[in-house]
Each structure stands twice: as C-alpha cells, then as structure tokens.
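This report describes how neighbouring chains meet in the model shown below. Please keep the sequence and the structure in view while reading.

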Amino acid sequence: MKLKPLYDRVVVKKVEVEQKTAGGIILPDTAKEESQIGEVIAVGEGKVLENGDVRALKVKVGDKVLFSKYAGNEVEIDGEKLLVIREEDILAIVEE
Amino acid sequence: MKLKPLYDRVVVKKVEVEQKTAGGIILPDTAKEESQIGEVIAVGEGKVLENGDVRALKVKVGDKVLFSKYAGNEVEIDGEKLLVIREEDILAIVEE
Amino acid sequence: MKLKPLYDRVVVKKVEVEQKTAGGIILPDTAKEESQIGEVIAVGEGKVLENGDVRALKVKVGDKVLFSKYAGNEVEIDGEKLLVIREEDILAIVEE
Amino acid sequence: MKLKPLYDRVVVKKVEVEQKTAGGIILPDTAKEESQIGEVIAVGEGKVLENGDVRALKVKVGDKVLFSKYAGNEVEIDGEKLLVIREEDILAIVEE
Amino acid sequence: MKLKPLYDRVVVKKVEVEQKTAGGIILPDTAKEESQIGEVIAVGEGKVLENGDVRALKVKVGDKVLFSKYAGNEVEIDGEKLLVIREEDILAIVEE
Amino acid sequence: MKLKPLYDRVVVKKVEVEQKTAGGIILPDTAKEESQIGEVIAVGEGKVLENGDVRALKVKVGDKVLFSKYAGNEVEIDGEKLLVIREEDILAIVEE
Amino acid sequence: MKLKPLYDRVVVKKVEVEQKTAGGIILPDTAKEESQIGEVIAVGEGKVLENGDVRALKVKVGDKVLFSKYAGNEVEIDGEKLLVIREEDILAIVEE
C-alpha cells in the first residue's frame, strides 16, 4: 500500500530524534512554533500556479526535511507514521 | 439517484478501515488533523482558474483517496454514506 | 412576484426530503457540515471574473441541486421558502 | 440633500414589507441569514477591477432589490431610512 | 501644520450634525453599522493598483462625504478633529 | 549601529508630542484607532509588486509622518526609540 | 549537520543582546510587537512569484538582521539555537 500525493503535497516519514545527542538536532519545547524532522518518501507532481502552469517541487524522495510540528495530516501505513504536508510547510532540507 | 459534482468537487464513498490490520492504513487518534480513506465515485469537470480556463481534475472515478477527516459535506444516498469534497482537500491517491 | 438573481447567484426552492425513504437521499445529522436538496428556479447571468469577463453558470433552471445547509440567504415568496445562494456553494447536481 | 455613492456602492431606501400578505415576500425569522427588500435610489459609477477598468453596475435607480439584512451602512436623510451597500451584497432584483 | 495623505488616503474634517434637523441627515443609533459626515480637506495622489499603476481618487478637497463611523485613524490638529481614512471607506458624496 | 530596512519598510524615530500645544497635533484618547508622529530616518528600496517589479517608496528620510499607534515593531538603538513599519501603515506626511 | 532553507526562508542564529549596553540595541518590553537580532547563516534560493518566476532574496549569509520576536520556527542544531523565518519577517539589516 502506497500513497501518491497530489499536486504540491509530500509524504514524509517521521524521524524519531534522540533528545540532546551531540551534533544532533534538538527540537526545543518553547513558546515559538516547534519543528520536526522527517524523510520524504513521495512527492506530488508540482504546485499548480494561478495561470495553470505546474511548478515541480524542490524536495525529492530521500531528502531529510525540517517542518513545522503543526503542519500536515497524519496517517499510519504498515505500522509507519506518515505525514502528508504541503511543500510550503517544509522549512528546510537537512544535510549531513 | 446520482450526484454529479460541480467544478472541482468530487464525490467520495467512505471506506470503513479496520483498525490495525496488517499492512493496512491506520488512522490515528492524535492531536494532528486526522485523515480518512474513500473511493471516488464521481468527479466534476474541473477547477475554474482565475483567467476563466478550466483545469481537469487529477483524481478519477475508482481512485482510492486519502483526505482530511474534516473536509467536505456529507450526504447519504441509497444507504451509502457519501462525501462531496473539493479536490484540493484530497491529500493523496492510495495505491495497492 | 419573481426574483432575478444577480451575477453568480441562484434562487433555489427547498425540497422537503422524507427521512430514510428507500433509494432517497438522507441528510445525516452528524458533526460534518450537512447538506440540503433544492430545485433551481432562477439563475444569474454569470460570475464576473477578475479580468471583467462574465462566465455563465453551469446550473440551469429545473436542476435539482445539493448544497450546504448553511449557505445562502432565505426569503419566502407566495408561501414558498426560497434560498438565494452563490453557485460555488452548490455541491452537485442530483440526477434521477 | 442627496447621496452620490462611490464606485460599486448603491443607495437603497428600505421598503416596509407587510408580514404574510398573500403573494408578498415574507422575510423569515430563522437561523439562516435573513434578507430585506429596498428600492435603489442612487448607484455608483461602477466597480474598479484589478486592472483598473471600471465595470458599470447592473442594478439601476428604481429597481426593487433583495439584500442581506446585515449588509451596508445606515443613514437617515429627510426622514427616510437609507442604506448604502455594495452591489455584491444585493442578492436579486425583485420583479412584479 | 498640514497633513498630506499618502496614496489612497484622505483627510476628513468631521462635521457636527444636528440631530433630527428638518431636511438634514440623521445618523441613527441602531445595530447596523453607523455612518458619519465630514468634509474632505486633503487627498492622496491615488491608489496603487496591483500592476503598479496609480489611479487618482474620485473625492476632491471640499467634498462633503459620508463614511463608516468605525473607519480611519483620528488626529487633532490646531483644535480640529481630523480623520485619515482610505477612499474605499467613503460611502458616498453628500450633495446639497 | 544603523538599521537598513528591507523592501517597503521604513525606520521611524518617534517624536514626543506635547499635549494640547497651540497649533500642534493632539493625539486623542478615543475609541477610534489612535495615531502617532515620527521622523523617517531610513527607508527600504521599495515594495515588490506581484509581477516582481520594485516600486520606490514615497516617504523620504527626514519626512515627519503620521502613523497608526499600533503599527510596526519597536526597537531601541543608542537610547533612541525606533519603530520599523511598512509604508502602507503611514497615514500622511506632516508638513509645517 | 546543516539546514538548507527552501524558497524564501532564511536560517538565523540568534544573537544574545546585552540589555542596555551603550550604543547597543535594546529590545523593549512594551505592548508593541518586540523584535530580535540574529545572524543569517543560510538563505533559500528565492521567493516564487505568482507568475512562477523566482526572485532572489536580499539578505545574505553573514548579515545581522532584526526580526519580529514572534516570527519563525525554532530548532537547535549542535547546541546552537536557530530560527527558520521567511525573509518578509525580517525587518531590517543591522549595520555597524
């Protein structure tokens, strides 16, 4: 069973981040909007612009991405927690 | 009796998902916006763009789709629970 | 006395739906936004697009339509309950 | 003293509607947004579109119109209750 | 000391209206949004459209105008109560 | 240390206005949105329009301006209270 | 581990500002929206305009910037508190 996201949506598999590992990413628990890490496992064909053109997404399958903790819709497939989010809710690509 | 959705609307028949079947989709009960599975049974002719052009929808009759639990308007025809939603509220096509 | 709706507005006469008739439409009483059935008795000349063009409406006089229970403005003429709604609040045309 | 409405605004003189006259319009007291009848006594030169063009209004002085009960700004001139509303808040022209 | 409003803004000097003078304008105290009379004492150079063009305002210095009671920002210069409002909050020009 | 505002933003140094000086500006304490006086000390390069063009700002360094009391972000540099606001929140230029 | 922001987003490293240092920037604790200082450590490729063109950002890596205290999403990498914000939430570049 597989999800094929529509348009500018992206399917992300959440990555469990160990708290406070050296050199890792720590997602703080503050008043600011928090963020979350995940791996892109499927991308839509692109965002439809107002003139009807389609603009391909920038994120690719395999990218590790940072996104707002409150973005997207959750679903669980084959025991994996997945998230379907719009690309505009992705803040950054995380590079090693 | 049949529904013919207008423009970018889609008629979806809800699929009852068994909780926690192996390899199935589990719709979690968390703080995130939940999602739901259904089968497309009718589609509108397309979304009217700002310049007046009509853009055909991407989902087709027979597609299994994932959509936000809070999207759309409910109606029941011949004992079937149907939902009329906009295509932009469909998150992904579910492939076997 | 007759109503001639402006632009993309449509006048709809509410159809009383018997609850749970075989093969009929049942409008459920759930948390989702409910819908309602009516017959179109007058349509406006069309929606004015941003560039000033007018786009004719898709619904026609005589169509039976499904629309959100919370859409539109009510008025009663000659004992008939009428509703003036925008075409974009019509979800689908109901075909026999 | 006279009001000359600007752009897409219209001055309407409220018509007192007798409740439940045969063949008349009854404005119900329900949960839906209520509507009101009036006579157009002045119209603006037209709505300015996004490209700067002006589009003449469709309603004319003398038209009887139906509009949302909550639309517009009230003013009283020479003992007459007037309402200044945008044409887009006019639902329909009322014809005899 | 003088105010030179920017773009589509207009400086208006409030006119004290005697309540219920014969032939005058009465500003009612109802649930509808109330309106107010003033005299235009300065106008901006025009509204900037989305394409960057500037569209000159329609109201001129000396015009008596009707505007929503809740529009604009108040300031007092040399003992005069002034209001800086956008032209789109002006409902109508008041003619004798 | 100096602030160079971005795009359509403007840095303003608040001017303390003596209450009720003859010929001065009095900022009233009413229900209407109040306004404030300041001197422009830096301006951005211009507002980016939807088509990507940049439109230069109208206010210049040295202008005394009137702006809404609730607009902008405060900062204090070298003991001076500064405000960074968008040009569209400036109501008028104050001329002697 | 490095963040590569998408489109018009910018990664900023917060600068701890000593309160009330001579010649420094003081971020007041008032009713107005407060602001914050940071150093840009990564920028996206640019903002996608409505016509699909990409407009490069104005801020560059190394710039010290002033931004609204409530903008952006927080993340902590290798012990550094970072913020991912949109360029439009940056108020000004801070120059020495």
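## Two interfaces in a predicted model

Between chain B and chain A of this predicted model, eight residue pairs are in polar contact, both residues of each pair being at pLDDT 80 or more; a polar contact is a pair of N or O atoms within 3.5 Å, where within protein one atom must be able to donate a hydrogen and the other to accept it, and residues adjacent in sequence count only if both atoms are side-chain atoms. On the side of chain B that touches chain A, at least two residues each come from β3 (25-26), β7 (64-68) and β10 (90-95) of chain B. The most is given by β10(B), with six residues. By class, this side of chain B, the one touching chain A, holds 14 nonpolar, six polar and eleven charged residues. Here Ala, Val, Leu, Ile, Met, Phe, Trp, Tyr, Cys and Pro count as nonpolar, Asp, Glu, Lys and Arg as charged, and the others, Gly among them, as polar. Strands are DSSP runs (E, at least two residues), numbered from the N terminus.

Because the model is predicted, local features need pLDDT of at least 70 and side-chain atom pairs count only at pLDDT 80 or more, while totals for chains, interfaces and linings use all residues. Residues are numbered from 1 along each chain as its sequence is written, chains are lettered from A and ligands numbered from 1 in the order in which they are written, and side-chain values use heavy atoms, with hydrogens and water left out.

### Chain B with chain A

The contact (heavy atoms within 4.5 Å) involves 31 residues of chain B and 29 residues of chain A. Two salt bridges cross the interface of chain B and chain A, a salt bridge being a side-chain nitrogen of Lys or Arg within 4 Å of a carboxyl oxygen of Asp or Glu. Strand β1 (residues 2-5) of chain A runs antiparallel to β10(B), and four bridges join the two; strands pair if DSSP finds at least two bridges between them. Within β10(B), V94(B) is the bridge partner of L3(A).

A rotation of 51 degrees, with 0.0 Å of shift along its axis, superposes chain B on chain A at an RMSD of 0.0 Å. The copies use different surfaces, as 10% of the contact residues of chain B recur in chain A. Superposition is by least squares on the C-alpha atoms of residues with pLDDT of at least 70 in both copies.

### Chain E with chain D

In this interface, 30 residues of chain E contact 29 residues of chain D. There are two salt bridges between chain E and chain D, and eight residue pairs are in polar contact across their interface, both residues at pLDDT 80 or more. The largest share of the side of chain E that touches chain D, six residues, is supplied by β10(E). Strand β1 (residues 2-5) of chain D pairs with β10(E) in the antiparallel sense over four bridges, and P5(D) stands opposite A92(E) in β10(E).

### Areas and salt bridges
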